[in-house]
Amino acid sequence: MDVVARVRTICERLPGTTEKVSHGAPSFFAGKQYAAVRPDGHHDRAEPHLVCAAPPGVQEELIEDDPDRFFRPPYVGGRGWIGVRLDGDVDWDEIAAILAEAHRTITG
């Protein structure tokens, strides 16, 4: 299953989620946008990745703990969003937990 299909399957399980293309990427909303997947990379990142909302302080913590997988994405990184690489050996249970937290961050 490709990364878009995997992310879509996870997001479809989260309450009130809708999908639409935003800025050229499959994006997921629950009132407001909480995630987008970039299967072919974006800007200076060539690898497939996910960008999503995160609670305050989480971005810095994740990047410090694992800078090879997590990064500060352009534009939304200034609002605390995180970038997560989706290449290599992806832990899809972890991605599901990250997306659920992104959803909670936006919906309260």
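Here are some notes on this predicted model, point by point.

1. The sheet. Six strands make up an open sheet, ordered β1-β2-β3-β4-β6-β5, and the pairing is antiparallel. The edges belong to β1 and β5 (70–71), each of which has a single partner strand, so one side of each is left without a neighbour in the sheet. As a reminder, strands of a sheet pair through backbone hydrogen bonds, either parallel or antiparallel.

2. Strand β4 and its partners. Four bridges connect β4 to β3 (residues 32–38), and the two strands run antiparallel. On this side, A35 stands opposite C52 of β4. Another four bridges link β4 to β6 (residues 82–85), again in an antiparallel arrangement. Here L50 faces V84 of β6, while H49 has R85 as its bridge partner in β6.

3. The faces of β4. Both faces of this strand are covered: H49 and V51 are buried on one side, and L50 and C52 are buried on the other.

4. H49. This histidine belongs to β4 (residues 49–52). H49 has a relative accessible area of 3%, so it counts as buried.

5. The cysteines. There are zero disulfides in the structure. The sulfur of C11 has its closest cysteine sulfur in C52, but the two are 8.7 Å apart and therefore too far for a bond. C52 is likewise in no disulfide, with the sulfur of C11 as its nearest cysteine sulfur. C11 is buried, at 0% relative accessibility, and C52 is also buried, at 0%.

6. Salt bridges, from helix α3 to a loop. The count of salt bridges comes to five. One of them pairs E94 with R69, whose closest N and O atoms are 2.6 Å apart. E94 sits in helix α3 (residues 92–107) and R69 in the loop between α2 (58–65) and β5, so this pair ties together parts that are 25 residues apart in sequence. Both residues are partly exposed, E94 at 26% relative accessibility and R69 at 28%.

7. R85 is partly exposed at 26%, and D87 is partly exposed at 29%. Within helix α3, R104 and E101 are three residues apart, about one turn of the helix, and their side chains meet in a salt bridge at 2.7 Å, N to O. R104 is partly exposed at 46% relative accessibility, as is E101 at 30%. Salt bridges with shared partners also join D66, R69 and E94 into one network.

8. Rings. No aromatic pairs turn up, the count being zero. F29 does have a charged neighbour, however: K20 lies over the face of its ring, 5.0 Å from the ring centre.

9. R13. Is this arginine buried or exposed? R13 is exposed, with 65% relative accessibility. Its place is the loop between α1 (3–12) and β1 (18–22). From R13 to P55 the separation is 42 residues in sequence and 20 Å in space, C-alpha to C-alpha.

Definitions and conventions: Residues numbered from 1 in each chain as written. Predicted model: local features only at pLDDT ≥ 70, side-chain atom pairs only at ≥ 80, totals over all residues. Heavy atoms only, no water. Buried < 20%, exposed > 50% of the residue type's maximum accessible area, 1.4 Å probe, protein only. Phe/Tyr/Trp six-rings, centres within 6.5 Å; stacked < 30°, edge-to-face > 60°. Lys NZ or Arg CZ within 6 Å of the ring centre and 35° of its normal. Pairing = 2+ DSSP bridges. Disulfide = S-S within 2.5 Å. Salt bridge = Lys/Arg side-chain N within 4 Å of Asp/Glu carboxyl O.
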